[in-house]
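Here are my notes on this one, as promised.

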Amino acid sequence: MKLKLFFIGCISLIIAISGILLITSNNTTAKTQKVAIYADYPSYDNLQNLIDKADTIIKGKVIDFNYSYLNIIEKPESDNEFLNPGGEKDTSSIPYTIFTVEINKVYKGSVNKKDIIEIKQLGGTLGNIEYIDKNAAKLNIGGNYIFFLETYPNSPASLLNPIQGSYEYDNNDNIIPNKGNKINFNIKDLDLKMKDLNNIDNTSN
């Protein structure tokens, strides 16, 4: 069966859900289930490789977020048994936090300033279950960020990876050092500066 996977950060995404930890508060009727989620992401040795891989690079502000289960496997391209010999597609869904971002500047990609774009991130709280990816980027409502993205026609965009895919900046356009959690993560910071983005050629996009 020919399937297209919507990856976080593209190339390969391997998600393993560990055992569910049941935590009971002082209120015996209140229970919170925490599920640890891990993913393998591609990493980039230098900024140019990151720029080349991203199909969209924007400067934007997080204005909202929500949680949702998403099926990251697209429908088969054909119902023909010969072209789609695997039969039914996998209907498994993955928990995500979906951020709504207002675009302030476009460095690369087909989006426009003032457009609204959705960016998904592994993990989130759905019902009484909190799905936790310890490596997830810390994105906050009202925060301003540079995003390096892979976009899809029928799914929110994804950061190329949690460490190198987003960079917060302040009111003076200074990049704030990335404080993301790097546990079990062999990805380095690229020491991005705003001036590094000014020479991106977007004419071919």
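1. Ground rules. This is a predicted model, where local features need pLDDT of at least 70, side-chain atom pairs count only at pLDDT 80 or more, and totals for chains, interfaces and linings use all residues. Residues are numbered from 1 along each chain as its sequence is written, and side-chain values use heavy atoms, with hydrogens and water left out.

2. Fold. In sequence order the pattern reads β-β-α-β-β-β-β-β-β-β-β. Counting contacts (heavy atoms within 4.5 Å), 69% of those with a separation of 6 or more join residues 24 or more positions apart.

3. Burial and surface. Of the 205 residues in the chain, 42% are buried; here buried means under 20% relative accessible area, exposed over 50%, and partly exposed in between (1.4 Å probe, protein chains only). The chain exposes about 11400 Å², with carbon and sulfur atoms supplying 47% of that. Areas are Shrake-Rupley values with a 1.4 Å probe, and for residues only the protein chains shown count as cover.

4. A nonpolar core here is a set of buried Ala, Val, Leu, Ile, Met, Phe, Trp, Tyr and Cys residues joined through side-chain atoms within 4.5 Å. The largest one has 17 residues, and those touching the most other members include Leu 50, Ile 57, Tyr 107, Phe 148 and Leu 192. Helix H1 (47-53) and strand S8 (144-150) each put in at least two residues, and H1 gives the most, with three.

5. Second core. There is also a separate core of 15 residues, with Val 62, Leu 139, Tyr 145 and Phe 147 among them. As a general point, nonpolar side chains in soluble globular proteins tend to be buried together.

6. Is Asn 144 buried or exposed? Asn 144 sits in strand S8 and counts as buried because its relative accessible area is 16%. Apart from neighbours within four places in sequence, Asn 144 contacts Gly 60, Lys 61, Asn 104, Tyr 167, Glu 168 and Tyr 169.

7. Salt bridges. The whole structure has two, taking a side-chain nitrogen of Lys or Arg within 4 Å of a carboxyl oxygen of Asp or Glu. Asp 173 pairs with Lys 59, with the closest N and O atoms 3.0 Å apart. That pair links distant parts of the chain, 114 residues apart: Asp 173 is in the segment after strand S10 (166-168), and Lys 59 is in strand S3 (residues 56-70). Lys 59 is buried at 11% relative accessible area, whereas Asp 173 is partly exposed at 33%. The other bridge joins Asp 191 and Lys 193 at 2.8 Å between the closest N and O atoms; Asp 191 is exposed at 55%, and Lys 193 is partly exposed at 36%.

8. Surface patch. Phe 65, Tyr 67 and Ile 141 form a nonpolar patch with about 270 Å² of accessible area together. Patch members need over 30% relative accessible area and no salt bridge; like charges are joined within 9 Å, and nonpolar side chains (Val, Leu, Ile, Met, Phe, Trp, Tyr) within 5 Å. Tyr 67 belongs to strand S3 and is partly exposed, at 36% relative accessibility.

Key
Helices (H or I, at least four residues) and strands (E, at least two) are DSSP runs, numbered from the N terminus.
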